[in-house]
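Colleague: Could you take me on a close look at the metal site in this model, and then show me how the parts around it are put together?

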Amino acid sequence: MEDCIFCKIIKGEIPSNKVYEDEEILAFRDINPVAPVHILVIPKKHLNSVLDLNKEDEILVGKIYTIINKIAKEENIDKTGFRVVVNCGEDGGQEVKHLHFHIIGGKKLGTKICE
Ligand code: 5GP
Ligand code: ZN
């Protein structure tokens, strides 16, 4: 989708620090990390948010979680723990309107889910 930052990253028009890529999924380091490990996992297909997911995307979402599992082990945060965050919409604080899964870890995170 034009004017989507993450679609531009997928096309290579904006550089990114990639940690995983296949035909359907890309993972790269967040430009403004909130923890020592902060990686974004995105489908290459443009979906605005969780609200765009349909039945046909169930396999894709399952694959994303398998990749999150693999990345967590590679980044050595599997033993210490981490958080997977998916913001949605205005109140959810979603800034980039291309579905993405944050993997956040490498330090003890706060206990509050929201503030
Ligand atoms: P959101 O608030 O939409 O859930 O998260 C968007 C995330 O994308 C933010 O953590 C922000 O730092 C990250 N981000 C925004 N633009 C870029 C970019 O051009 N490159 C990378 N690597 N991350 C970005
Ligand atoms: Zn996009």
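Modeller: Happy to. In this predicted model, the zinc ion (ligand 2) is held by Cys4 and Cys7 through their SG atoms and by His46 and His98 through ND1, at 2.1 to 2.3 Å. The arrangement is tetrahedral, because the four donor atoms subtend angles of 101 to 116 degrees around the zinc ion (ligand 2). For comparison, the ideal angle for four tetrahedral donors is 109.5 degrees. Along the chain, the donors follow the spacing C-x2-C-x38-H-x51-H. Cys7 counts as buried because its relative accessibility is 4%, whereas His46, with a relative accessible area of 21%, is partly exposed.

Staying with helix 1, have a look at Ile10, which lies in that helix. Ile10 is buried, at a relative accessible area of 18%, where the limit is under 20%. Leaving aside neighbours within four places in sequence, Ile10 is in contact with Leu26, Ile42, Pro43, Lys44 and His98; His98 is also one of the zinc donors. Ile10 and Ala27 are 17 residues apart in sequence, and their C-alpha atoms are 9.7 Å apart in space.

You can follow the pairing from strand to strand. Strand 1 and strand 2 are joined antiparallel over three bridges, and Glu21 has Leu26 of strand 2 as its bridge partner. Strand 2 then pairs with strand 3, again in the antiparallel sense, over five bridges; here Ile25 is partnered by Pro43 in strand 3. Between strand 3 and strand 5 there are five bridges, also antiparallel, and Val41 stands opposite Phe101 in strand 5.

Seven of its seven residues are buried, so strand 3 is largely enclosed by the rest of the structure. Both of its faces are covered, with Val37, Ile39, Val41 and Pro43 buried on one side and His38, Leu40 and Ile42 buried on the other.

That leads to the interior. In soluble globular proteins, nonpolar side chains tend to be buried together. Here the largest nonpolar core has 17 residues, of which Ile25, Ile39, Val41, Ile64, Ile71 and Ile103 touch the most other members. Strand 2 (25-29), strand 3 (37-43), helix 2 (58-74) and strand 5 (101-105) each supply at least two residues of this core, and helix 2 gives the largest share, six residues. Beyond residues up to four places away in sequence, Ile39 touches a list of residues that includes Val19, Ala27, Phe28, Ile71, Phe101 and Ile103. Apart from this core lies another, of ten residues, including Phe6, Ile9, Leu26 and Ile42.

Definitions and conventions:
Residues are numbered from 1 along each chain as its sequence is written. Chains are lettered from A and ligands numbered from 1 in the order in which they are written. This is a predicted model: local features need pLDDT of at least 70, side-chain atom pairs count only at pLDDT 80 or more; totals for chains, interfaces and linings use all residues. Side-chain values use heavy atoms; hydrogens and water are left out. A nonpolar core is a set of buried Ala, Val, Leu, Ile, Met, Phe, Trp, Tyr and Cys residues joined through side-chain atoms within 4.5 Å. Buried means under 20% relative accessible area, exposed over 50%, partly exposed in between (1.4 Å probe, protein chains only). Helices (H or I, at least four residues) and strands (E, at least two) are DSSP runs, numbered from the N terminus. Contact means heavy atoms within 4.5 Å. Donors are N, O and S atoms within 2.8 Å of the metal (3.2 Å for Na, K and Ca); water is not among the atoms, so sites may look incomplete. Four donors count as tetrahedral if all angles lie between 85 and 135 degrees; four count as square planar and six as octahedral if opposite donors are over 155 degrees apart and all others between 65 and 115; anything else is irregular. Two strands pair if DSSP finds at least two bridges between them.
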